[in-house]
Amino acid sequence: MKRVIVDMDGVMADVYHQLVQFEKRDSGREIEISNLVGIPEIEAFPNGKKHVNEVGFFRTLPVMEGSRAALEYINNKYELYIVSAGMEFPNSLREKFDWLGEHFPFISWEQIVLCGSKKVIHGDVMIDDYPKNLDHFYPTPQRADRKRTLQESVFMGRDHGYSVRKKDYTFFRTSITKW
Ligand SMILES: [Mg+2]
């Protein structure tokens with residue numbers, strides 16, 4: 001059975017939506033995500049670091065549209081692990097665990113890996129919105145040191161040739177059946 005590694009933030013949880021809401025709450029400024037595709041996150045969300053360190057930020061993240069059905073599908077068919085680099089924000093660990101319990105109750109604690117670096121992670125397929133994680137998972141001689149920018153896509157790794165739009169989990173589901 002293939003092992004599928006799925007990221008949380010930006011794949012299951014809509015972090016950008018939360019950052020937009022927090023920015024609006026604090027400064028009244030409206031950030032339009034569609035205008036910022038390709039911009040580094042630090043520039044798109046100048047107060048982002050403060051916001052992600054706020055108690056409750058990760059616990060109240062909206063679920064990415066369509067992701068629950070997609071994850072249920074993967075869970076029934078493959079060996080699924082949720083892998084999130086929660087150590088970057090230590091306060092998020094409990095919040096992420098509780099968030100998964102509320103929104104993805106079919107995922108057991110044994111399938112949840114909250115870690116530091118994802119370099120130690122092994123599997124057959126990684127679904128992650130951070131190119132750097134995919135570069136380690138799918139190493140190539142031409143590995144590029146890419147910056148983290150706002151994206152419209154959830155990347156599934158170059159080897160598979162798929163690039164799935166965040167909200168198009170129907171396509172995602174079609175693609176995964178090919179694995
Ligand atoms: Mg992510």
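The model is predicted, and local features need pLDDT of at least 70, while side-chain atom pairs count only at pLDDT 80 or more. Residues are numbered from 1 along each chain, and side-chain values use heavy atoms, without hydrogens and water.

D7 is found in the loop between β1 (3–6) and α1. With 6% relative accessibility, D7 counts as buried, a word that here means under 20% relative accessible area with a 1.4 Å probe. Beyond its neighbours within four places in sequence, D7 is in contact (heavy atoms within 4.5 Å) with residues including M12, V83 and D129.

D9 also lies in the loop between β1 and α1 and is buried, at 16% relative accessibility. Its contacts outside four places in sequence include S84, K96 and D129. An unreviewed UniProt entry annotates D7 and D9 as "active site"; such annotations may be inferred rather than shown by experiment.

K96 is one of the buried residues of helix α5, along with S92, E95, W99 and L100. These residues cover an arc of only 135° around the axis, so they are on the same side of α5. What covers them includes β2 (79–84) and β3 (112–114).

In helix α1 (residues 15–27) sits Q18, which is buried at 6% relative accessibility. The Q18 side chain reaches the backbone oxygen of F57 at 2.9 Å and makes a polar contact of 2.8 Å with the side chain of T60.

Key. Buried means under 20% relative accessible area, exposed over 50%, partly exposed in between (1.4 Å probe, protein chains only). Helices (H or I, at least four residues) and strands (E, at least two) are DSSP runs, numbered from the N terminus. The arc is that of the directions from the helix axis to the C-beta atoms. A polar contact is a pair of N or O atoms within 3.5 Å; within protein, one must be able to donate a hydrogen and the other to accept it, and residues adjacent in sequence count only if both atoms are side-chain atoms.
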